[in-house]
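User: I'd like to go through this model with you. Here it is.

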Amino acid sequence: FNAVLPAVSHLRERIETSVRNWEVVPEIVDSRDNDKTFSKAHAALAASGTVALQLALHRVPMTLAYKLDPVARPFGFLITAWSTALPNLVAGWPLVPEDVNESVSPERMGRTLRRLLSDTPERAAQLAGFETVINNMKTKRTPAEAAADVIMDHI
């Protein structure tokens with residue numbers, strides 16, 4: 001397989017240095033090309049956030065990780081959402097696996113990724129669930145029109 005790691009341009013050199021000695025050295029690509037990159041992806045390891053929603057909309061099975069930084073961690077109890085994964089929130093059920101804070105484990109994520117790279121029930125379930133995410137994201141109006149209405153309502 002070919003590992004690809006999207007990176008913002010100002011961190012590219014730092015990332016290339018960090019991964020140089022990895023057993024599998026990923027190809028570093030510009031994150032501005034995520035649509036192109038994700039359209040070719042078979043599965044992904046990702047940080048929870050908007051990238052997870054982008055991957056779901058591109059129908060890329062994934063496993064997610066999220067760690068609060070040390071300053072924010074003591075305030076983690078203020079987070080009341082049942083999931084940090086946007087695809088899960090949009091679907092309304094735990095569609096993609098997510099590891100948070102102390103439960104982040106490269107070994108577990110690696111095992112999950114291996115299952116998502118094959119024709120498995122986990123892969124099929126995510127792919128089917130992504131259709132729900134895509135359908136739930138459809139709107140009758142453009143996001144710009146909806147945002148303009150909200151702004152106008154507050155004026």
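User: Arg-59, then: is it buried, partly exposed or exposed?

Analyst: Arg-59 is partly exposed, at 38% relative accessible area. Buried is under 20%, exposed is over 50%, and partly exposed is in between, using a 1.4 Å probe and protein chains only. One caveat: this is a predicted model, with local features needing pLDDT of at least 70 and side-chain atom pairs counting only at pLDDT 80 or more, while totals for chains, interfaces and linings use all residues. Numbering starts from 1 along each chain as its sequence is written, and side-chain values use heavy atoms, without hydrogens and water.

User: Where does Arg-59 lie?

Analyst: In the loop between H3 and S4. Helices (H or I, at least four residues) and strands (E, at least two) are DSSP runs numbered from the N terminus. Just after H3, Arg-59 takes a positive phi of about 60°, and Arg-59 is a residue other than glycine.

User: And what's the phi of Asn-101?

Analyst: Near 50°, again a positive value in a residue other than glycine. Asn-101 sits in the loop between strand S5 (98-100) and helix H5 (106-116). Asn-101 counts as buried, at 13% relative accessibility.

User: Zooming out, how many helices and strands are in the protein chain?

Analyst: Seven helices and five strands. From the N terminus on, the order is β-α-β-α-β-α-β-α-β-α-α-α. The C-alpha trace spans about 55 × 40 × 30 Å along its principal axes, and 30% of the 155 residues count as buried.

User: How do S1 and S2 run, parallel or antiparallel?

Analyst: Parallel: strand S1 (residues 4-7) and strand S2 (residues 27-30) are joined by four bridges, where pairing takes at least two DSSP bridges. Val-4 stands opposite Glu-27 in S2. With helix H1 (residues 12-19), S1 and S2 make a right-handed β-α-β unit. Right-handed here means that, with the strands pointing away from the viewer, the path from the first strand over the helix to the second runs clockwise.

User: Now the inside. How many residues are in the largest nonpolar core?

Analyst: The core has 16 residues. A nonpolar core is a set of buried Ala, Val, Leu, Ile, Met, Phe, Trp, Tyr and Cys residues joined through side-chain atoms within 4.5 Å. Among those with the most contacts inside it are Leu-55, Met-62, Val-96 and Phe-130. Strand S3 (44-47), helix H3 (50-57), strand S4 (62-66) and helix H6 (121-137) are the elements that give two or more residues. H3 gives the most, with four residues.

User: What does Met-62 touch?

Analyst: Leaving out residues up to four places away in sequence, Met-62 touches partners including Ala-44, Leu-55, Pro-87, Val-96, Leu-116 and Phe-130. Contact means heavy atoms within 4.5 Å.

User: Where's Val-96 found?

Analyst: In the loop between helix H4 (86-91) and S5. At 3% relative accessibility, Val-96 counts as buried. Besides neighbours within four places in sequence, Val-96 is in contact with Met-62, Leu-64, Ala-85, Asn-88, Gln-126 and Phe-130. Val-96 and Gln-126 are 30 residues apart in sequence and 6.7 Å apart in space, C-alpha to C-alpha.

User: Back to H3: which residues are buried there?

Analyst: Ala-52, Leu-53, Leu-55 and Ala-56. They cover an arc of only 160° around the axis, which puts them on the same side of H3; the arc is taken from the directions from the helix axis to the C-beta atoms. The buried residues of H3 pack against helix H2 (34-40), S3, S4, H4 and H6.

User: And H6, what span should its 17 residues have?

Analyst: At 1.5 Å a residue, they should span 24 Å, and the end C-alpha atoms are 24 Å apart, which agrees. That expected span is 1.5 Å times one less than the number of residues. In H6, Arg-123, Gln-126, Gly-129, Phe-130, Val-133 and Ile-134 are buried. They cover an arc of only 155° around the axis, so they are on the same side of H6. The buried residues of H6 pack against H3, S4, H4 and H5.

User: Last one: what is Met-137 in contact with?

Analyst: Neighbours within four places aside, Leu-53, Leu-57 and Val-90. Met-137 is in helix H6 and is partly exposed, with a relative accessible area of 35%. The C-alpha atoms of Met-137 and Ala-91 are separated by 9.4 Å, though 46 residues apart along the chain.
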